[in-house]
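Please keep the sequence and the coordinates at hand while reading.

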Amino acid sequence: MKNNMVITIGRQYGSGGREIGEKLAERLGYAYYDTQILEKAADESHLTESIMKRYDEKMKDGWLSTSSWMSGNTDIHHLPVPLKAVVGQFEAIRKIGRKGSAVIVGRCADYALKDQENVFSVFVHADMEQRIARVSKRNHIDESDAQKRIRGIDKERASYYNYYTEKEWGACASYNLSIDSGVLGIEGAVEIIVNCLQSL
């Protein structure tokens, strides 16, 4: 396995992607980042964490072309708040990536680190029935509400990812590895990822 690897994990809501990320980081002895990115992004963008949470993997308010700020030609201070939040997250992710040896969950991390070496991107999915059961149990809600929540959050994540990466959320071609946690289970998914990393 290469040194200073950064593993990014995209995930369907309720697929166990966060748990897989946590267990993978523990297994490898890597730093783990999920919502922790929001605090770092708030510092980068000079916004509050509550504002960062409002725009976290969500399409809200007005949105602008990504071309100028992605190329680094736009001063973040002159951007509207939604874009400040996104740019802040991307910058925080890039700083984490430069440190190496990390697992980063969500937030277009694979795209934010697209120009960096030693990045391995994973997408975690599972069938709807299993995700409904997981979300229902975790959030103490009935299956109907769980399904509505899953569909809503998946839609937000897909819109956010597709817009800011110009790739397709969940599509195999967008990632190095697509993995079905419903078939493999959490531990099995972690094992597969580790085996893939060892072959690099």
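Two strands are taken to pair if DSSP finds at least two bridges between them; helices (H or I, at least four residues) and strands (E, at least two) are DSSP runs, numbered from the N terminus. The model is predicted, so to speak of local features requires pLDDT of at least 70 and side-chain atom pairs count only at pLDDT 80 or more, while totals for chains, interfaces and linings use all residues. Residues are numbered from 1 along each chain as its sequence is written, and side-chain values use heavy atoms, with hydrogens and water left out.

The sheet is open and consists of five strands in the order β2-β3-β1-β4-β5, with parallel pairing. Its edges are β2 (31–33) and β5 (177–180), each of which pairs on one side only. On average, and ignoring direction, neighbouring strands are turned by 20 degrees against each other; axes are lines fitted to C-alpha atoms, for helices over the stretch in contact, and angles run from 0 to 180 degrees between N-to-C directions. Within this sheet, strand β1 (residues 6–11) runs parallel to strand β3 (residues 102–105) and is joined to it by four bridges. Val6 stands opposite Ala102 of β3. Helix α1 (residues 17–28) packs on the sheet, where it touches β1, β2, β3 and β4 (119–125), and its direction makes about 165 degrees with that of β1.

Val119 belongs to strand β4. Contact here means heavy atoms within 4.5 Å; not counting residues up to four places away in sequence, Val119 touches Met5, Val6, Thr8, Leu113 and Asn176. Val119 and Gly97 are 22 residues apart in sequence, and their C-alpha atoms are 8.4 Å apart in space.

Turning to the helices, the axes of α7 and α8 come within 8 Å and cross at roughly 110 degrees. Angles under 35 degrees count as roughly parallel, over 145 as roughly antiparallel, 65 to 115 as roughly perpendicular and the rest as oblique; α7 and α8 are therefore roughly perpendicular to each other. Among the residues that make this contact are Met128, Ile132 and Val135 of α7 and Ala146, Ile150 and Asp154 of α8. The residues of the contact divide into five nonpolar, three polar and five charged (Ala, Val, Leu, Ile, Met, Phe, Trp, Tyr, Cys and Pro count as nonpolar, Asp, Glu, Lys and Arg as charged, and the others, Gly among them, as polar).

Grid points are joined across faces, edges and corners, and a volume is the space filled by probe spheres set on the points.

The largest pocket holds about 460 Å³. Of its 21 lining residues, Arg11, Tyr13, Arg18, Arg138 and Arg157 lie nearest its centre. Twelve of the lining residues are charged, six polar and three nonpolar. Helices α1, α7 (128–139) and α8 (143–165) each supply at least two residues of this lining.

One cavity of 30 Å³ or more is found in the whole structure. The largest cavity contains about 120 Å³ of space, and Gly10, Gly106, Arg107, Cys108 and Tyr161 are the closest to its centre of the 16 residues that line it. Strand β1 gives the most to the lining of this cavity, with four residues.

How values were computed
1 Å grid on protein atoms, 1.4 Å probe; cavity = no way out; pocket = protein on both sides within 12 Å on 5 of 7 lines; lining within 4 Å.
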